[in-house]
Structure formats: structure tokens, C-alpha cells
Amino acid sequence: MSACPVCNLRLPLSQIESHVNAHFEDEIDPQIANDHYLALQLASSSSSDPPPTLKEAPFLDPFNKIVPFPQNDDVVRSQTKRPFYRVGNGGLISLLTTCLVESKTKPLECSTSLLSGYVDHFQSTKEDKGWGCGWRNIQMQCSHLLSRRDQEVKRVLFGGSEFVPDIPSLQRWLEIAWRSGFDVSGGLHFDKRIYGCKKWIGTTECAALLRSFGLRARVVDFAPEKSRSMYLSVPGSAVAPKRRAYGPMDRYVVKKGASGVEKGVDSRGSTSSRIGKGAVLMDWVWNYFSDNRLDVSSGVHMTNKGPLYFQHEGHSRTIVGIQRRLQGTTFTPQYNLLILDPADFTRDIEKALVDKKGWEGYLKRGAHTLTCPEYQMLYVDNGIAVGEELEQLKTIDSHFVQF
């Protein structure tokens, strides 16, 4: 045990450093810390080289450990493009298109599939297994942005690197977003530091990171009407609730029980309520990819819509499209989400698509699988925000859809 030098609270030695950091995180003036660092450099330097400039000097934490203070230029230079398994033959979406075209339909069945276009699959590895799904879905989202969007997006995203960075580099970019004022409450939850941490992230972290580049990332919440007041679409609710500790669902999807313990809003309920939830979400995804058009012909169509970051309690995935089948004489619609899961191995998905065998088990998810109490989506609108609009994007808001 050791005593905190600030508040005298006694804690295990393993916890004392992070505890003291919490006292100073928002109180240390970077200019003072920088001056301290320069003084140490001058006192210990035996060379005639000039001291580093303010921008070059790292941040000095309360324990006199030199910690790099993230600057945009520094992150641009140091960000890494980690090798990943890139699928040939036009990528997974091209292979999926072939399978959808060649898949046989039953008599009296009309099938229509809508796809997002090129997306690289980023699988979780042993280094990030169990916590990295959110980062992998950000990478999938960005692979599409860099492949399909205009040159302006390529110019602003990740400093114009034109590649998808690894997780540590994305963590640095998220820290910069927080320090620039994007998603203030989310940044406070993480003490504005996530680099090197194995912490789960959610939809709002993805939104903050993408919005910091001027991208119009939009969040959509799906939940029961009784929990509407807890969501970001309600004025004043964006900063009040706290993130739940047990999963990566975002901090505002909480409800106080009788004991005062935060818990998720439970809407699993009956089979009919689960089917109803699935229908609502499926309709929304179909309208998103079809751009609210009713006259979509049968077949497989590549749309101008980007993939969806798909978040639920405990995991997140990427929706790259949707399939609708009209069955029977009444042509009742049945939907399947087309999903890339970071938990799957890219080679296995590729093999299933190439062999045209077992690929549905990797990529298709029907309405009956949508049993979680709440869901979130994130998509990116076209264009780059500047000026007043960019300032407005710093506050993470959402559109609420009732189950």
C-alpha cells in the first residue's frame, strides 16, 4: 500500500500511479510541463544543440516520465499500416456479389440484394482478441471511405496517408479528436488517453474519430420508447448518463435499477417483440441502402451507400448490405443482413465464397437473430464539414428509432 501525495488516500502500489494521474490530468498546464521539460534538457545536455521547440517537446506527466503528446503531424509521420490479409479477385464484396447472383431462389420467390461496395475485412488477432472489434470495424469503415469517396476525403483522412492505420495509430487519432473537443464526455470517461490500452470502444468513439477529420458520421439508436430519454437525440441527454462498465455499448444506454446500479434496458421480452424489433431494424437498413426507393428491381445492386458500423451489447460488426426475398403469393418480405464480423478469419470467408459453400453462415443474419435490447448504427454522409458545421459535429448526437 502507498499513500497518494495529493489526497493521502492509501491504495495498492499498482494503482497509485493512475490515481495520481487522475488528479493532474486536467490541471497540468502543457506550457508549464513543456517548460519543465526544456529546463531538464538544458540542465542535463552536454551538447550545444538547441533545445526542442514547443511543438517538438513531449508532455511531462506528474512522475517526470516523458510521454509523447500527440500532435497531428507527429501521428501522420509515425502511423503504421499493419499488413493484413487482402482478398484478391476484387475483394470480398466482389466474391459476395457472384455468390448472390448465382444463388438459387425457390419457386415464387423474388430476391434483391443491395451492397455498399468495396470493403476490406479486418479480422481480430491474438493481440486484440476480446476487445478490438470496435477498432476493426473502424478500419473496415475507413477502407471503404478511402476506396470509394472523393479525393477530398482521401486528403483529410489520416493526414492524407491514403491507407488504413493500425490500432495504436487509430488510438492516437482518437486522443487528438478528444483534445480537439470532439465528444467531450466520452473523452473524460477515458481520461482522454487510450493509446496502448485494451479498452472496448463503441459507436461514439468511431463518430468522434471520423468527425475530427470533418467527415459527417451519423449515429442511429434503436431502442424501446420507454428509454428514449436516455439517448443522444434528446436535448440535454448527451452528457448526463455514464458508460456502462460491462460492455462496449455506449455510455448513455443505461437505466438505474432499484439498487441504484446501472443496467441495460431489457426489451428481450416475448417472441413477438423480438420479431418486431428485427422488422424495424431491417426496414431501416433496407431504406438506407435503397435510399428510400420503393421501385428497386430484383437482382444484385451496388449502391452509393457506405457500410454500417453495427453495435450491440458485447460486440460490433460491419453491415455491407442487405438481401430481401419476396416469398409466396403474397410476396411477404424476408430480410437478411449481409455482415462482416471481425471475429471471423478472412481466409475462411474468402474460401467459403470462392467455393460457394457455407458462405451464408459467415455473412447472412436474419431478423430472428436480432435479440439484443438495443442497437446502434453509424454511417458516413458525403462531403466534408467545415466552419460552424464542424463545430457542431463536436457534440455527438443521434437519431432515435423506436422498437
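**Contacts and cores**

Trainee: What does Gln 139 touch, leaving aside neighbours within four places in sequence?
Mentor: Gln 139 is in contact with Phe 122, Val 164, Pro 165, Asp 166, Ile 167 and Leu 170. Contact means heavy atoms within 4.5 Å.
Mentor: Keep in mind that this is a predicted model, where local features need pLDDT of at least 70, side-chain atom pairs count only at pLDDT 80 or more, and totals for chains, interfaces and linings use all residues. Residues are numbered from 1 along each chain as its sequence is written, and side-chain values use heavy atoms, with hydrogens and water left out.

Trainee: Is Gln 139 buried or exposed?
Mentor: Buried, because its relative accessibility is 2%. The cut-off for buried is under 20% relative accessible area, with a 1.4 Å probe and protein chains only.

Trainee: Which helix is Gln 139 in?
Mentor: Helix H5, residues 133-148. Helices are DSSP runs (H or I, at least four residues), numbered from the N terminus.

Trainee: New topic. How many residues does the largest nonpolar core have?
Mentor: It has 58, and Trp 135 and Leu 210 have the most contacts inside it. Such a core is a set of buried Ala, Val, Leu, Ile, Met, Phe, Trp, Tyr and Cys residues joined through side-chain atoms within 4.5 Å.

Trainee: Which helix gives the most to this core?
Mentor: Helix H7, residues 167-179, with seven residues.

Trainee: And what else does Leu 210 touch, beyond four places in sequence?
Mentor: Its partners include Gln 141, Cys 142, Leu 145 and Val 380.

Note on methods
Helices (H or I, at least four residues) and strands (E, at least two) are DSSP runs, numbered from the N terminus. Buried means under 20% relative accessible area, exposed over 50%, partly exposed in between (1.4 Å probe, protein chains only).
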